[in-house]
Amino acid sequence: MYMDEVTAQKAVEQTGFGKFNIKVTICCALIFLNCAFCITSVGFVVPTAACDFQMTTIDKGRINAAPMLGMVVGSCAWGYYADLKGRRSALLIALFVQFIVDAISSVVPSYWTFVFLKFLSGFTFTGQMSVVFTYLGEFQPTKYRNTTMSFMELSWAIGVIFEALFAWAVIPFPFSYKTEWFFFSSWNLFVFASALPALLTGLWLITLPETPKFLAENGQRDELLKVLTRMYTENTGNTAEQFKEKLATSTSPSISALVAKYEISPEEAAAAEKKLSLSMNEKLMDMLASSKDQVKMLLRKPYAKRISVCSFIMFCMTSTYYSLMTWFPELFQRFAAFEAAFPDEYASVCSVSKRLAAIANETEEFMEAAIDPFGCDTPIDTSVYVNSIWLGVACLPCAILLPLTVDYVGYRIYLLFTATIACAVTIAFFFVKTSTQNLVLSCIFEAFTSLNISVTLCLLVELFPTNLRVMATGITLLIGRIGSLFGNMLFGYLIDDHCSILIIIMAAQLFLAASMCWAAPGRDKLRKIQGYPFLEVQNKAFSPAA
């Protein structure tokens with residue numbers, strides 16, 4: 001038996017909102033905070049690991065781009081797996097594998113091995129990003145869904161702040177152990193410690209169940225009723241028998257029938273279990289057939305337009321956001337070096353790097369820097385950490401405002417407003433003359449682009465039914481990660497010699513994203529979409545045969 005989307009949501013509404021929902025929200029917020037750790041930590045590692053790995057600007061660009069390439073590879077794979085095996089299973093694997101990969105990366109002495117491990121870290125990162133919003137949203141009553149998902153942006157901002165504080169506490173610590181074949185410095189300790197949230201959050205997630213909507217869509221009615229009962233008892237403090245009675249006396253026939261359908265004989269339960277026992281080859285073939293059906297549905301009206309709009313916005317926003325996010329510490333370090341050498345002079349973002357490189361090669365004044373091209377004797381300036389903290393703090397006002405106003409303003413207004421501001425700020429980088437001006441614009445850019453990406457992820461949960469939701473999110477993130485990879489590689493190759501072209505490209509992308517935001521559904525239209533008919537895609541590999 002398969003339950004349609006509307007009936008599953010009605011069943012969730014019967015459980016109320018309380019302790020269980022808050023617990024799931026906090027756990028998902030910690031997963032999103034871990035995502036912030038995963039991305040932000042790369043920016044702090046690059047300038048500090050430059051000495052140990054003897055890195056040029058291009059080498060640094062490869063480390064920044066490696067997680068993005070992993071995200072590209074993993075986006076659709078995680079969405080497909082989560083739609084077939086479950087949201088909880090996908091999140092658990094992503095969290096534990098990320099911890100293992102990042103822990104290993106903290107002790108490897110090889111540059112290319114480190115790059116490969118960062119690729120795997122990005123692969124697991126996108127598994128968390130593509131599933132966590134769906135996992136959270138499918139537990140929530142309709143009244144609270146937008147608000148709870150919007151709070152996720154707050155956890156990202158807190159993650160950025162905490163990671164910068166942690167980097168400030170650990171990386172400057174004068175600790176280093178080196179041999180001919182091995183080294184372990186403070187930045188290695190930072191990488192290992194930054195992986196711990198993935199492990200701890202994964203251990204907590206083990207105690208939480210699969211989402212009711214996934215269980216309903218896959219015909220797992222026994223587990224479904226157990227999860228709904230747990231939600232009800234934890235939210236209300238009432239007993240399981242009271243919940244069963246509430247379902248049985250519901251005015252909705254589909255809800256009252258849920259209890260009746262649950263009360264089956266042991267013989268019937270054994271027969272249903274037997275039907276689930278397909279061979280591995282049969283499961284694989286059914287997985288491929290189900291995936292093909294999902295893609296076909298996403299290419300049909302009305303889903304084709306929705307996924308196209310979201311994917312285009314995601315490509316443009318992540319192309320600029322993740323490239324700048326991972327390069328901000330490096331840019332702050334360059335500004336600090338320039339102002340220390342020329343305290344009475346001003347320079348734009350584009351001219352700082354170019355002038356430092358030129359002077360290092362042409363004058364004796366920078367001879368020490370020329371002898372130390374990898375920064376082995378140049379500690380990271382304190383302003384790098386302070387400025388990174390301000391980036392996170394700048395996100396807090398918008399992150400707090402979003403859940404309080406999203407039901408009144410709607411997602412489209414937020415998308416349009418944030419993309420437009422981000423475009424204007426990017427153009428303003430042309431006119432920056434000091435590190436303070438650079439910091440102010442960077443904070444505004446970080447706040448609004450981050451908010452735009454979170455709103456897009458929330459919108460995806462609302463636009464697609466249960467059986468297409470994670471796949472749609474995975475495809476959208478795939479397009480976004482291609483943009484991230486494109487932006488990071490572009491940044492590494494253009495920042496030193498063709499900075500003006502780089503800024504023009506970024507501003508153009510954000511302008512196109514702002515234009516596409518008009519095609520996103522408004523508040524009233526979105527409410528109508530939430531009543532869309534359910535299109536059935538049966539996952540035969542994990543469901544009783546008809």
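The protein chain exposes about 22,000 Å² in this predicted model. Carbon and sulfur atoms supply 66% of that area. The chain has 546 residues, of which 57% count as buried. Its secondary structure consists of 23 helices and 2 strands. Contacts were also examined by their separation along the chain. Among contacts with a separation of 6 or more, 83% join residues 24 or more positions apart.

F17, I22, I26, L30 and Y144 make a nonpolar surface patch of about 390 Å². Helix α2, spanning residues 19-53, gives the patch its largest share, 3 residues. L30 is found in this helix, α2. The relative accessibility of L30 is 32%, so L30 counts as partly exposed.

The largest nonpolar core holds 158 residues. Within this core, F125, M129, F133, W156, L205 and Y322 touch the most other members. Neighbours within four places in sequence are left aside here. M129 is then in contact with F32, C35, W156, Y322, L457, L477 and R481. Two of these partners, W156 and Y322, are also listed among the core residues that touch the most other members.

G480 lies in helix α21, which runs over residues 466-494. The relative accessibility of G480 is 0%, and G480 therefore counts as buried. Beyond residues up to four places away in sequence, G480 touches M314, F315 and T318.

N438 has its place in helix α20, residues 435-463. At 3% relative accessibility, under the 20% limit, N438 counts as buried. Its contacts, again without residues up to four places away in sequence, are F332, F335, V349, F429 and V432.

A strand residue was also considered. S185 lies in strand β2, which covers residues 183-185. S185 has a relative accessible area of 8% and is therefore buried. With neighbours within four places in sequence left aside, S185 is in contact with D52, F175, S176 and K178.

R62 counts as partly exposed because its relative accessibility is 29%. D59 is buried, because its relative accessible area is 15%.

A second salt bridge pairs K118 with D102. Here the closest N and O atoms are 3.8 Å apart. This pair links distant parts of the chain. K118 is in helix α5, residues 111-137, whereas D102 is in helix α4, residues 87-105. The two residues are 16 residues apart. Both K118 and D102 are buried.

K226 and E223 form another salt bridge, with an N to O distance of 3.8 Å. Both lie in helix α10, residues 221-236. Their spacing is 3 residues, so K226 and E223 are separated by about one helical turn. E223 has 37% relative accessibility and therefore counts as partly exposed. Salt bridges that share partners also join K23, R230 and E234 into one network.

How values were computed. Residues are numbered from 1 along each chain as its sequence is written. This is a predicted model: local features need pLDDT of at least 70, side-chain atom pairs count only at pLDDT 80 or more; totals for chains, interfaces and linings use all residues. Side-chain values use heavy atoms; hydrogens and water are left out. Helices (H or I, at least four residues) and strands (E, at least two) are DSSP runs, numbered from the N terminus. Buried means under 20% relative accessible area, exposed over 50%, partly exposed in between (1.4 Å probe, protein chains only). Contact means heavy atoms within 4.5 Å. Patches are made of residues with over 30% relative accessible area and no salt bridge: like charges are joined within 9 Å, nonpolar side chains (Val, Leu, Ile, Met, Phe, Trp, Tyr) within 5 Å. Accessible areas come from the Shrake-Rupley method with a 1.4 Å probe; for residues, only the protein chains shown count as cover. A salt bridge is a side-chain nitrogen of Lys or Arg within 4 Å of a carboxyl oxygen of Asp or Glu. A nonpolar core is a set of buried Ala, Val, Leu, Ile, Met, Phe, Trp, Tyr and Cys residues joined through side-chain atoms within 4.5 Å.
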